[in-house]
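Trainee: Could we go through this one together? I'd like to start with the ligand and then move on to the rings.

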Amino acid sequence: MAVTKTHPAECILPVLNAGHRIFGENRVQEAKSKWPELRRCYADIELHLIGPLQTNKVHDAIALFNVIHTLDRSKLAEALKREMQKAGRVVRLFVQVNTGEEPQKAGIAPKEAVAFARHCRDRLGLPVIGMMCIPPLNEEPALHFALLNQLAKEAGLECLSMGMSDDFETAIRFGATHVRVGTAIFGPREG
Ligand SMILES: *Cc1c(COP(=O)(O)O)cnc(C)c1O
């Protein structure tokens with residue numbers, strides 16, 4: 001997945017013209033301002049939300065994204081279910097796991113992740129396909145990738161969203177099916 005947050009359409013067009021179709025954004029509002037227009041020219045774009053989602057943005061998120069990587073609480077699961085039913089759309093989901101148990105970071109705690117994923121998939125009937133993590137800075141990411149792999153296996157989920165510009169090769173060694181690469185494709189972001 002090519003992560004395009006902060007990059008304007010003119011930076012994205014060369015990547016689209018080279019044939020890439022899978023993109024990630026971390027904010028609903030920013031994605032809404034950029035992607036509908038690009039989709040008019042490239043109908044087969046697959047758009048992934050990789051940033052936190054507030055329940056008051058669920059309506060827009062379901063209309064815009066094909067996959068959401070940041071499901072991490074029951075209230076959000078219920079809102080997503082209602083909105084998918086209302087819109088008649090299926091948006092695939094990843095459960096975000098806070099593998100480093102960092103207080104400031106989104107994601108469900110590792111010890112609750114398997115039960116939560118099962119609850120969302122089996123009780124609510126949501127299309128949960130995998131788990132996602134963002135390892136803490138300055139820690140060996142491999143430990144977090146291995147943990148996520150193990151949790152996803154336990155929950156019977158096939159997809160693993162892990163690995164960014166600095167560690168995607170390690171993530172792939174640990175079974176990543178979705179790597180989220182921004183800087184290595186588009187260069188540094190401003191700010
Ligand atoms: C920005 C972002 C990325 C991409 O990071 P790079 O280091 O630029 O590759 C990946 N995942 C998430 C959740 C992000 O917010």
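Predicted model: local features only at pLDDT ≥ 70, side-chain atom pairs only at ≥ 80, totals over all residues.

Trainee: Which residues are around the ligand?

Mentor: The shell around the ligand consists of Val 3, Lys 5, Ile 50, Ile 134, Met 164, Ser 165, Arg 180, Val 181, Gly 182, Thr 183 and Arg 189, and by class these residues divide into five nonpolar, three polar and three charged.

Trainee: And what do the side chains of Lys 5 and Arg 180 do there, in terms of polar atoms?

Mentor: Lys 5 places a polar side-chain atom 2.6 Å from an oxygen atom of the ligand, while a polar side-chain atom of Arg 180 lies 2.9 Å from a ligand nitrogen atom. For Arg 189, an N or O atom of the side chain is 2.8 Å from an oxygen atom of the ligand.

Trainee: How much of the ligand's accessible area does the protein cover?

Mentor: On its own the ligand has 390 Å² of accessible area, and the protein covers 90% of that; the space the ligand takes is the largest pocket.

Trainee: Switching topic, how many aromatic pairs are there?

Mentor: The structure holds one aromatic pair, formed by Phe 23 and Trp 35, which is tilted, with 4.9 Å centre to centre and 40° between the planes.

Trainee: Where do Phe 23 and Trp 35 sit in the chain?

Mentor: Phe 23 belongs to strand β2 (residues 22-25) and Trp 35 to helix α2 (residues 28-41), so placed twelve residues apart that the pair links distant parts of the chain.

Terms used:
Residues numbered from 1 in each chain as written. Heavy atoms only, no water. Near = heavy atom within 4 Å. Polar contact = N/O pair within 3.5 Å; in protein donor to acceptor, adjacent residues only side chain to side chain. Areas by Shrake-Rupley, 256 points an atom, 1.4 Å probe, with all protein chains shown as cover. 1 Å grid on protein atoms, 1.4 Å probe; cavity = no way out; pocket = protein on both sides within 12 Å on 5 of 7 lines; lining within 4 Å. Sits in = over half its atoms within 2 Å of the grid points. Nonpolar A, V, L, I, M, F, W, Y, C, P; charged D, E, K, R; others polar. Phe/Tyr/Trp six-rings, centres within 6.5 Å; stacked < 30°, edge-to-face > 60°. Helix = DSSP H or I, 4+ residues; strand = E, 2+ residues; numbered from the N terminus.
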